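Look at the model below before reading on.

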Amino acid sequence: MQMHMTFSFLVQLFEHTFTFWWIIIPAIFLGLIVGAVPGFSAANTIIILLPLTLAMGEEEGLIFMVALYCSSRLGAGIPAILVNVPGTAGAAATPLDGYPMAKQGKGPQALAISFVSSTLGGLLTTIIVLFMMPYIAQVVYYLHSVEMIVVMLFGISLIATIAAEDTMKGLIAGFFGLMIGSIGADYIYATPRGTMGFLELYDGVPLIPALVGLFAISEAFFIIEGESILSEQGQILMREATWADTFEGARETLKRWWHVVWTSLIGLVIGVIPGAGAAIASFVAYQQSKTFSKTPELYGTGHIEGLIAPESANNGVTSGTLVPLLVIGIPGGATAAIMLVVMQYHGTTVGPDLFIQKPFVAYGVFSAMAVTYLLMALTIFPMARYMSRVTMVSTVYIAPLIIAFTLVGSFVPRGYVFDIYLALVFGVIGYIARKTGYHVAAILIGVILGPLLEQYFLRALKMSQGDIMVIFSSRIGNILWVCLILSLVIPFAKDWHRKRSAFREALHQGEKAERGGTVG
Amino acid sequence: MSSEPESHSGEKPSIGGDLIIPVAAILFTLYYFYSIIGAPWTAQVSAFFNGSILLILCAIFIITAVVKVARRHATFRFDTLVEPISILPKRIFLFLLTLGYIACLDWAGFTITTFVFLALAMLLLSGRERKNKRVIFILSGALAIGGYLLFVVAFERQFPEGPFEHAVKALIKAMGGG
């Protein structure tokens, strides 16, 4: 499978991919739009445009889909930063630090950080995949239900991290989210649970209405308290914003290149696992980033690392999702599944032989991804300064706009008016939560990860015929358990150490002052 | 979003609003438990685990709140939820407008309903400064038509259809485009 991977082949591959710029650039802009509007996922758009992609040649069709997929991931972060409305669940961790930055008038910096970390994260993981695809594909064989339970718990433990501000409220919000997430028919016998008689809830709580309600609708009702989203200082900063601010965002990200590297690798590994997705990756990356940060107390206040982590991770997922598809023929997500349809339509069989029979198609998918990220950096970065001006628009205009377009967006995935009402209900919950100090992100984590955790947990129990100890039955799983416990304990240990050092320092200063006084 | 919200400086914090989420969580969890009585264990295990923890957390939170109020360290008022009071009428009307928007979407269609909702909501929020009425109507119309062109025409999404959408469809058909 590694046969053609020589330097000359790579150069040839990239040269070849660059000739498709005329497909990539329009797909980038299309992807940015569908990514930014809740309900308009890349997968849905690709399905709608399937007749077009099937009419194209195989390479053109695949490159179009890859470019749209990558750019939609980046697009989802833009409204998350500017107006606290994540375009997809994969960007749900982005506003935790992105939105506070925008409110402080650092919109251009925040967007630049998002663009640079997304581009670098996506580019880096794509290059890694190009060289190490056979090894990365092995992850699929090693991570099963048992290990996935621990991976899910990594994401869910972010609730505890968020709860650090107010433990009780954080935990109540998180567990409330987990309960809401378990609405729907159970996975084994399809028994309806907590559906209140609504048939529309038998498949579980749809994510987009939850996302729209908790973030967008509650935000719209919240921001009308002021004339602008921006703080007073923020308004001054935004009025005086220059290109230097945009470049400062890029510079700050490049200074933290190592942070981009390891958080995008989290995205890559999680992306390889079929069924896992960008939402899990970004929550896990954010949680890990905070755990190992020297300044964890700054997270949630507009911290650069808190924005880099989810953005690098959710773009790291994109290349990972396609690995199982191309190497073993298992689509890692909805977009990958549609790509499989297109490849099969053109008579291409996915699997190891693809790399020998059609290397330009197999490796071309990833080189298209790399080229998309490069072209995306060139086309979107200059727009950061202008896009951030959205934050200067009066709330008189922006609040109704958010309500109208996001509510209709929640209708799109399933076509039920019920989902719009559901979004409004979540909006009310979100509004009450915001006004009374409960974190909406904690509720959302529960809604997103709760059903997944239950699914993996039941699968593991089924396989072990009901033996609960199955969750400690795998070596990799046990290593992950240790890592999970460490990542939960480390912040407390660090905090304790910091307080102890501060106390000693104060004691030392006091003694010094006392001695000085005696001498004097 | 402080954990101990104080409605007015010097006054006791109002914690009535803080209890809404825990009370809602308790009611929902009890209903959820009721809905899975007699269900197979696979349908119960996760819910009973999460639900029990949630009930314990909520109970601790509510008891703590009651103790605070009993010791006169806080009050059961809902100030944090409704403040600033000056915005409250706008907020209630915006909520009613939103409800109306959803109710009308299904029969009046995306474009007309969105235009009416945007215009009314913007007029409502602009308050007494209605000097930009023309801007509001032009903007609302442009956004509604823009949304229709982008999402319905370009992306072919199934948005709720009404008289406008039907008329455009009929027009296109009459022109031989459909």
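The paragraphs below take up these topics in turn for a model that is predicted.

Two packed helices are described by the angle between their axes and the distance between the axes. In chain A, helix H8 (residues 107-137) packs against helix H14 (residues 243-255) at an angle of about 40°, and their axes are 7 Å apart. H8(A) and H14(A) are therefore oblique to each other, and their crossing is right-handed. The H8(A) side of the contact includes A:Pro108, A:Ala112, A:Val116 and A:Leu120, while the H14(A) side includes A:Asp245, A:Glu248, A:Gly249 and A:Leu254. By class, seven residues of this contact are nonpolar, five are polar and two are charged.

A:Ser293 lies in the loop between helix H16 (278-291) and helix H17 (304-328) of chain A. A:Ser293 is buried, because its relative accessible area of 2% is under 20%. Its side chain reaches the backbone nitrogen of A:Thr295 at 2.9 Å. Leaving aside neighbours within four places in sequence, A:Ser293 is in contact with A:Tyr299, A:His303, A:Glu305 and A:Lys494.

Most residues other than glycine have a negative phi, and most peptide bonds are trans. A:Asn84, in the loop between helix H6 (77-83) and helix H7 (95-103) of chain A, has a positive phi near 65°. This residue is buried, with a relative accessible area of 5%. A:Ala190 also has a positive phi, about 55°, and sits in the loop between helix H11 (167-181) and helix H12 (207-223) of chain A. A:Ala190 is partly exposed, at a relative accessible area of 48%.

In chain B, a cis peptide bond joins B:Glu83 and B:Pro84, with omega about -5°. B:Pro84 belongs to the loop between helix H3 (79-82) and helix H4 (88-108) of chain B.

Definitions and conventions. Residues numbered from 1 in each chain as written. Chains lettered and ligands numbered in written order. Predicted model: local features only at pLDDT ≥ 70, side-chain atom pairs only at ≥ 80, totals over all residues. Heavy atoms only, no water. Helix = DSSP H or I, 4+ residues; strand = E, 2+ residues; numbered from the N terminus. Buried < 20%, exposed > 50% of the residue type's maximum accessible area, 1.4 Å probe, protein only. Polar contact = N/O pair within 3.5 Å; in protein donor to acceptor, adjacent residues only side chain to side chain. Contact = heavy atoms within 4.5 Å. Axes fitted to C-alpha atoms, helices over the stretch in contact; angles between N-to-C directions. Parallel < 35°, antiparallel > 145°, perpendicular 65-115°, else oblique. Left-handed = near helix turned anticlockwise from the far one by under 90°. Nonpolar A, V, L, I, M, F, W, Y, C, P; charged D, E, K, R; others polar.
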